[in-house]
Amino acid sequence: MPTILGQNQYGKAENRVVKITRDGATHHIKDLNVSVALSGDMDDVHYSGSNANVLPTDTTKNTVYAFAKEYGIESAEQFGIHLARHFVTSQEPIHRARIRIEEYAWERIETSDANSKFIGADEVKHSFVRKGQEVRLTQITYDGEKWEVVSGLKDLVVMNSTNSEFWGYVKDRYTTLQEAYDRILATQVSSRWRFNWTDDEQKMPNWEKSYEQTKKHMLQAFAETYSLSLQQTLYQMGSRIINNRSEIDEVRFSLPNKHHFLVDLEPFGLKNDNEVYFAADRPYGLIEATILRDGCEARIPVDMTNL
């Protein structure tokens, strides 16, 4: 045979599931986009078309919805763990399951107080507005023995309007950029972090608390770092997470520098004292790096495009 089969996987991608938990009149929402990828003893289906070892992708879709009812959705990570364990342990030909989840956050709409003219306005606990800050992410991988959980976020836009400089850089014949001693620093954070929880004998992290605290440390480091470069800020963000969250061994960032350029107002007889900027969306500098706990190995892919 002149060719052989290489790595392969299959599953149902982007299963949109919304779970409403009703606690009396108070409702809670979990809104997920779940993708399932399975691999294992799948040579025959590729070589001969035999489906004897194939669990239909439609079945994986149905499992996602059934598990939302049977187990609920405590967190994206916990839900992914339930799914991965099920596929690997219930189907002998399946040796590895990878579950990717995006979570879209909602927050409760504040309603009128008890003195409002609208009767019962203070009792509304089922209305929500979609949060626009970031998309929460997780990827669960299970091979029947070991777990790998990589969580993160994307589309978190942050800005410091001062306390940022950029100067002392290499200059050559093509350099036109002026040194800046007071500039806007803005970026759209894409980040992934890897947990050191790898087997069922270990105590499982509190996934919800971990996400909230990791995001908090990330944002605090961004706000509190007097930045001489976006690279320096990135390192401080990752270091703050590693130093404060013992369950995390590795953090990777991809930070596009969302440039803000001072507008030249002199033609209009106006002085622009760091007040009016042009926000450029492209081209942009792209700063990427991994921060590790000392002694740990990097496992998060350098290219996070499909993670």
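Predicted model: local features only at pLDDT ≥ 70, side-chain atom pairs only at ≥ 80, totals over all residues.
1. L137 sits in strand β4, which runs over residues 128-142.

2. What does L137 touch, leaving aside its neighbours within four places in sequence? The list is I101, E102, S151, G152, L153, K154 and R192. There's also a C-alpha separation to look at: L137 and R100 are 37 residues apart along the chain, yet their C-alpha atoms are separated by 7.5 Å.

3. Now the annotation. An unreviewed UniProt entry places the feature "active site" at K12, T57 and H259. Do check how these sit in the model: they span 248 residues in sequence, and the farthest two C-alpha atoms are 43.5 Å apart, so the set does not all gather at one spot. From this set, H259 belongs to the lining of the largest pocket.

4. K12 is found in the segment before β1, the strand covering 15-23.

5. T57, another of the annotated positions, has its place in helix α2, residues 57-70. T57 is partly exposed too, with a relative accessible area of 26%. Beyond its neighbours within four places in sequence, T57 is in contact with Y10, G11 and K12.

6. Last, a helix pair. Helix α4 (residues 207-224) and helix α5 (residues 230-244) have axes that come within 8 Å and cross at roughly 140°. That angle makes α4 oblique to α5; the label "roughly antiparallel" would need an angle over 145 degrees. As for handedness, α4 passes α5 in a right-handed crossing.

7. Which residues make the α4 and α5 contact? On the α4 side they are T214, H217, M218, Q220, A221, F222 and E224. From α5 come T233, Q236, M237, R240, I241 and N244.

Key:
Residues numbered from 1 in each chain as written. Heavy atoms only, no water. UniProt positions renumbered as here; feature names shortened; annotations may be inferred. 1 Å grid on protein atoms, 1.4 Å probe; cavity = no way out; pocket = protein on both sides within 12 Å on 5 of 7 lines; lining within 4 Å. Helix = DSSP H or I, 4+ residues; strand = E, 2+ residues; numbered from the N terminus. Buried < 20%, exposed > 50% of the residue type's maximum accessible area, 1.4 Å probe, protein only. Contact = heavy atoms within 4.5 Å. Axes fitted to C-alpha atoms, helices over the stretch in contact; angles between N-to-C directions. Parallel < 35°, antiparallel > 145°, perpendicular 65-115°, else oblique. Left-handed = near helix turned anticlockwise from the far one by under 90°.
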